[in-house]
Every structure is written in structure tokens, then in C-alpha cells.
Amino acid sequence: MYHILIVDDEKIERRGIQFLLKQIDVELDIEEAANGRDALERLKQKRFDIMLTDVKMPFMDGLQLIEEAVKVDSEMKTVIFSGYGEFEYARKALSFRVVDYMLKPVEPEAFEKLIKKIISQMESRQRTKKITEKGLSYVKEHALYGLLNGKSIEDVKKESGELVDIQEFEEIKCLLLLEFMGDFFNKAGVEFKDEILQVAGEDSLYLNLNPQQSVLLLKYDDVSDVKNMAQSVINYIKETYQEDCFIAIVNDIAESVDLEKAYNEAEMLMEGRFYQPERKIYVSENTDMTGEEAEHTNDDTLMKQMKQDIRMKDIAGLREHFGRLCDKYRNKTDFSQIYIKFVFSNLLKDIYSSMPKIDETQLNEEITQLYSVTDFKTIMDTVNNNIDRLEKSFGSSPSVLHREIETVKQYIYEHYSEELSVDALAQSVYMAPSYLSHVFKKETGQNISKFIKTYRMEKAREMLENTHNKIVNISYAVGYPNVSYFCQSFREYFGISPQKYRSQGEVNEEDISLDQGSEITK
């Protein structure tokens, strides 16, 4: 619907123009003003698309009105009416961005033609505006994708130039990682972004990462408010898509350079899915729990992770998780010494149980000594010495961990055109999904979902360079049954659309794709 304001001091003239407007087959909202002063007040209170105004009026003439109206809304289209004696007077109005003028009395056919021309111009401008905004949105998403994956703020500024307001990234205070069990975003499609921003708030930033993950970035970090919003997102997804969504929350992001760190921390939090599958929201430092419950949960999680490390002969992982356990209790005075010794003695038992020959006598002696020590460092040294012994007992043969990760990578290489969920890959090597994600990242430097996306994107690039396959066929060939989602993912990754890449033969960081709709059939 278009909003039109008719301004004329003669009522019969206003009604005549309104009658002509109603004969045009366009939905219009029409209002009237008897003089320039009244019209200006209306313009300040409401936005109009078109203003049709007489020249000579009391209180404020048409030219004065137009001059003031431009200050209120520079995009509004204005048409003036004048008699033959006012022709030169009216032509001056062209300097005030008047789109056209008509001589009185108004000729109906010419009037209809003029209004339709103006509406056509507005529709064309609106389409161009939307396309430009869409293109700028892709540039911003590509820049954000780079920051989350370790690209420096200087490189992002260089690539995006003045097209992206980096200051908007500096205002981010909180990151929410959304994760799903399968290829959710291949099914939900590109429309999901608009839907979720309606729930999270238009002021939020959203970026899809891969078919299983996306992030919401907020400009506030109040734990209670963020948790309530996260729960609203989970509820919306469950009600709309009948899918379970897990969310990891990281607060207190100081600046945009910390986005990669926050994303990595969120992934670490998401490992809690294995140990607490009934939970849907995971918050940094378990700030959603208090007191003894939080401490007990932390200990249980770390102990289970270390059991997995021992089973997988992952000494590096064992040392990392043991370091976290030590950091928790080092320099703490509010924990019972007996409880701390109990926790570390249980770990000692797990280490001994994985030795080729279990010396129960030596184990009992070490536990007895552990309970008798008076300083925390001795406890740490005792366990560290046994981790060293465990490492030697494993020998120089490839770890179970390394073999399993290679198996997963090979499966991805051979089945990248199919749906590849972390859960399915974990089942193939008899590991927990969250633990597989953790060790895969440690072994390869990136999480599984990102590894899969990277491999698929590189395969898509090869096909664009070396084949004449249609983009829709390439999309299916690299595991994206949703072609629009494939095009979006390609833009986020390379900063350019598949069709533009094929025509240029290389990635041009300054390119903004404007032909989203046409490219999928080429």
C-alpha cells in the first residue's frame, strides 16, 4: 500500500484528485491537507510516499512546503499542480526534487499515467535497495565468518573496505552457539535467519556456520536475560520444526578480536551434551547453577573426560583435562582437603587400571601417601608422575585416537555428498559425539562441522572451475539438497556467489553478488 497526501486549499480540487486516484488499480491510503502548514504537520507525524500539492495556498505556499518537506523526508515523491499563469513559478520547484508537475485542470489519463510511472519508479528503487542491502548483508556475513575463524580485524577491514561497519562487531558482548543433531539448516533453509531474529531481536547479529551450527551475537550480556532469550529460541525451534536445539552461551566478550576465542569456548561448553544430555543450555562456568551442584557437575564432567582420554590413549587430552582440574583447586581454600584427595585418588585408580600390569600394592601405597600429604603440589606431582608412566606403557604405537580420527576423515572424503552428522560419524567409531568433536578439533585444528564444510566448499570450487555442471547439480553433489542454502554458504565462505565465481574464475573480495535468484538455474 502506498500513502498519498493531497494538499490544496480548495476542497473541490482535493476531492477531484482523490476521485481520480481511486480509479487507478493500485491500493492507496489517501489523506488530505487544506494548506501547507497543515500538510507539514502531517508529514512530521507520518511517512507518505507521494505528496500532490497546489502552488498557491494560504499560511504556507506549495514551494515553501516542498522546501520544508525535503528536510523531513528526502525520499518522498512530490508532484505539483499549477495553472497556466503559474507555469514558470511551478518550474522553480524542480530544484526541490519535485518529480513532475501537471497543469490544471488535470487530464485524467495523463494523471493516471503519471501516478503509475511514479509508483513504478518507487517499486524499482525498492527492489534495488533490497538487492543492495542483501549484497551488503553477504559482505558482512563473510567478514563475521572470518573473525569467528581467526581472521584478524585488520584483514577484515581491508577486504570489506567501507562496506562493513566494523564498529557493529565491536559492540558484541555475548555469543550463543546453536547446535543440532543433524543437518538442520539444509532443511530449514535461508529463511531461518529472519525467523530467529524475530525471536532474538532485530538488534542481534546472526550467522550460519554449517548445516549443524549457527551463532547469535548479542550486544548485551546479562546472564538472566540471555538465558531467557535462549530458552525462547529453543522453544520456537521445537514448536516450529520439532527439532531439539542445544545452546552454549559465552558472556563478557571484550572486543571483536575475541570472537574466535568465544566461539572456541562455546564449542568446549557444548561438550557437556555427552555428560548432561538432558540439558539444553550450557553457560560459561556453569553460571546457571550455584554452589555444590555446580562444583559436583564440573568434577563429574572432567572425570568422565579423563576416563575417555585414558581409554583412547589420548595423553595430550588427559594432560589438558588434568590441568583444568588442577587449575580449579589450585590456590583455593574453600574446598575440603579430604574431598580434593578423594577426587584425585579416583583419578589415580583410573590411571592404574589402564596399566598393562596393575600393581595394587603400589596403588594402595600411593593413595595412602596422597591422603597424608599436606600440600596440593605433591598431589599434582603424584598424578603427573603416573601419567608419565601411563604414556610410556602405551609405547610408540599410533594412538587409538589418531586411528579413529583418520577413519572419520576418510569417511568424510568418501561420503561428502551425503548427510554427515557428528552423531552418525561418532557411532561409526564408537565414540560419544561431543568427545569426538573435542578430539577431532585437537587432532586437526578445526571442528568436524567446519572440516566437512571446508571440504564441501573446496569440492564445489573445483566443480565450478572444471565442469559445466549446473549450480543446482553441484549443490546436490557436495551434500547440499537445499540450493539456496548452498549459495548462501558459498558466499559466506568465499565472499562471492557461485555464479559470480564461475564467471570470474577467481574470488574477488570486493564483489557483491546481486543475482541470488537467477544463479541456481545456471
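User: How many aromatic pairs does a search of the whole structure find?

Analyst: The model is predicted: local features need pLDDT of at least 70, side-chain atom pairs count only at pLDDT 80 or more, and totals for chains, interfaces and linings use all residues. Residues are numbered from 1 along each chain as its sequence is written, and side-chain values use heavy atoms, with hydrogens and water left out. Rings of Phe, Tyr and Trp (its six-membered ring) pair if their centres lie within 6.5 Å. Over the whole structure, the number of aromatic pairs found is 24.

User: At what angle do the ring planes of Phe490 and Phe494 stand?

Analyst: A pair of aromatic rings is described by the distance of the centres and the angle of the planes. Planes under 30 degrees apart count as stacked, over 60 as edge-to-face and the rest as tilted. The ring centres of Phe490 and Phe494 are 4.6 Å apart, and the pair is tilted because its planes stand at 45°.

User: Which helix holds both Phe490 and Phe494?

Analyst: Phe490 has 0% relative accessibility and Phe494 has 6%, so both are buried, where buried means under 20% relative accessible area, exposed over 50% and partly exposed in between (1.4 Å probe, protein chains only). Helices (H or I, at least four residues) and strands (E, at least two) are DSSP runs, numbered from the N terminus. Phe490 and Phe494 are four residues apart, about one turn of their helix, which is H23.

User: Over the face of which residue does Arg456 lie?

Analyst: A charge sits over a ring if NZ of Lys or CZ of Arg is within 6 Å of the ring centre and within 35 degrees of the ring normal. Lys441 lies over Tyr263 in this way, at 5.9 Å from the ring centre. One aromatic cluster includes Tyr480, Phe486, Phe490 and Phe494. Arg456, at 5.6 Å from the ring centre, lies over the face of Tyr480.

User: How many residues of strand E8 are buried?

Analyst: In a regular strand the side chains alternate between the two faces of the sheet. Both faces of E8 are covered: Gln213, Val215 and Leu217 are buried on one side, and Ser214, Leu216 and Leu218 on the other. E8 (residues 213–218) is largely enclosed by the rest of the structure because its buried residues number six of the six.

User: Which residue of E8 is the bridge partner of Asn210?

Analyst: Two strands pair if DSSP finds at least two bridges between them. A hairpin of two residues joins E7 to E8. Glu179 stands opposite Gln213, and the partner of Asn210 is likewise Gln213.

User: Which residues does Ser421 touch, not counting residues up to four places away in sequence?

Analyst: Ser421 is in the loop between helix H18 (400–415) and helix H19 (422–428). With a relative accessible area of 10%, Ser421 is buried. Counting contact as heavy atoms within 4.5 Å, Ser421 touches Met181, Gly182 and Gln212.

User: Which strands stand at the edges of the open sheet of five strands?

Analyst: The sheet has the order E2-E1-E3-E4-E5, with parallel pairing. Each edge strand has a single partner, so one side of each is left without a neighbour in the sheet; the two are E2 (28–33) and E5 (100–103).

User: At about what angle does helix H1 run to E2?

Analyst: Axes are lines fitted to C-alpha atoms, for helices over the stretch in contact, and angles run from 0 to 180 degrees between N-to-C directions. Helix H3 (residues 62–72) touches E1, E3 and E4, and its direction makes about 155° with that of E3. Helix H1 (residues 11–22) lies across E1, E2, E3 and E4, and its angle to E2 is about 175°.
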